[in-house]
Amino acid sequence: MMGFMSSKETRTHESTTVRAQTRPDIPESRGAVPRAWTTRLLVVGVVLAALNLRPAITSLGALLEEVRDGLGMSGSVAGLLTSVPPLCFAVFGVAAPRLARRFGTGAVVCAGMAAIGTGLLVRPFTGGTVGFLAATALALMGIAVSNILMPVIVKRYFPDRVGSMTGLYSMAMALGTAAAAATTVPLTDAVGGDWRSGLALWAALALAAVLPWLPFVRERGAAPAERAPGERVPGRAVAPAEPESAAAPALRITRSRTAWALAVFFGLQATVAYITMGWMPQIFRDAGVPADTAGLLLAVIMVMGVPLAFVIPRLAARLPHQGPIVLVLGASGLAGYAGLYFAPAAGAWAWVLLLGVANCAFPLALTLIGMRAGTGAGVAQLSAFAQSAGYLISIPGPLLVGVLYQHSGGWGLPIALMAGLMVPQTIVGFLAGRARTVEEEAAH
């Protein structure tokens, strides 16, 4: 028996070596870097990419009043500006799996970071609303493809650590979001009070995130989720076998009720999140809170996701049904919006703590994407479907808030809208938390 196992391992090693020698697209075949080093580099790349997935939005929210004055925007146009993120995420996110199959995930994420940096560097200096929107869309295009591919990368390269790795990049995302919200106003003051320079500073973080992905740019062919069983990948000696191959037929994902529930859950939480990132500082400023404090309050909402984004995915991965977590998040959101409605300034710190808990529906949604599909290819399809459909659902929300605010002259109706969205979000999130996979449902 031992001889047979040794012979089998030898044949496996030899066949893997032959593949590596005949595949110039595989980094290990060139012997450029050790396996452990590429694994660590991949973790660094994931963290740096996650740090850049929200500052383009929250840095703008902190200076929205200055941008509106500088570009001559009305409340409705500002609402359109806050609706651009989910629109871009929906439109460009659909293309992420196809781009990854053609160019490789490393190349796509690297290009995404470059697009974020370029867009953030250019947009404050375009000189008008149209140019500002176009440059913002370029940055958001980079964010969109990276949004879709992060769960795919985690599922493929860290299949035994989905919860912890999802928690790690969700935590990094929350940290980047909070840092942009808290420091954009002080940084702007430090560079002379020019909002253009304050916004452009965040391009440096995105351009730095390009570097760890450069070694993975030359990876070609199928996306990681769709490689052949046993093929070598960066950071692993041999990839774990998966039943599907690049030629496997696509899932009929729209036949899965869980996929639809997860898409709606993702869309509703994204609606609330982008309303919060785009408008929350303005809500507090209109209630008499100073601008720097208003930015700090938004940062508290986002920074709550740093510890919770690490805890919630790990907890969710251990539960047979993630519905109880959804209920806790929904109750926290309702309580926070109720307080914001009746006493926005007096109890501001309490409300942002509650809303920070509710905002962790996002890392939970990402975790569910990894848990509700049984294969890497299934995660890729579910991620693209749930996020793209979800972001389409979220597009009207920030725009509607701007319209309601302009025509009602206050924040009562917009806050009521945000609170009302928590109810259906909780219901569909509970349904998405049931222990089943989209492959099982799509097969029937």
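Trainee: What should I keep in mind before I start?

Mentor: The model is predicted, so local features need pLDDT of at least 70 and side-chain atom pairs count only at pLDDT 80 or more, while totals for chains, interfaces and linings use all residues. Residues are numbered from 1 along each chain as its sequence is written, and side-chain values use heavy atoms, with hydrogens and water left out.

Trainee: How many salt bridges does a search of the whole structure find?

Mentor: Here is the general idea: side chains of opposite charge can pair when their charged atoms come close. The term salt bridge is used for a side-chain nitrogen of Lys or Arg within 4 Å of a carboxyl oxygen of Asp or Glu. Searching the whole structure gives three of them.

Trainee: Which residue forms a salt bridge with glutamate 65?

Mentor: That is arginine 285, with the closest N and O atoms 3.5 Å apart. This pair links distant parts of the chain, since arginine 285 lies in helix H12 (residues 257–286) and glutamate 65 in helix H4 (residues 64–71), 220 residues apart. Helices here are DSSP runs of H or I with at least four residues, numbered from the N terminus.

Trainee: And where does glutamate 66 come in?

Mentor: Glutamate 66 meets arginine 285 in a salt bridge too, at 3.4 Å from N to O. Again distant parts of the chain are linked: glutamate 66 is in helix H4 and arginine 285 in helix H12, 219 residues apart.

Trainee: Is arginine 285 buried or partly exposed?

Mentor: Arginine 285 counts as buried because its relative accessibility is 17%; buried means under 20% relative accessible area, exposed over 50%, and partly exposed in between (1.4 Å probe, protein chains only). Glutamate 65 is partly exposed at 28%, and glutamate 66 is partly exposed at 28%.

Trainee: What does arginine 436 pair with?

Mentor: Arginine 436 forms a salt bridge with glutamate 441, their closest N and O atoms being 3.8 Å apart. Glutamate 441 is buried at 13%, whereas arginine 436 is partly exposed at 30%. As for shared partners, salt bridges join Glu65, Glu66 and Arg285 into one network.

Trainee: Which residues make the nonpolar surface patch?

Mentor: Patch members have over 30% relative accessible area and no salt bridge; nonpolar side chains (Val, Leu, Ile, Met, Phe, Trp, Tyr) are joined within 5 Å, like charges within 9 Å. Accessible areas come from the Shrake-Rupley method with a 1.4 Å probe, and for residues only the protein chains shown count as cover. Here Leu334, Val423, Ile427 and Leu431 make a patch of about 320 Å². Helix H20 (residues 412–432) gives the largest share, three residues. Leucine 431 sits in helix H20 and counts as partly exposed because its relative accessibility is 36%.

Definitions and conventions
Helix = DSSP H or I, 4+ residues; strand = E, 2+ residues; numbered from the N terminus.
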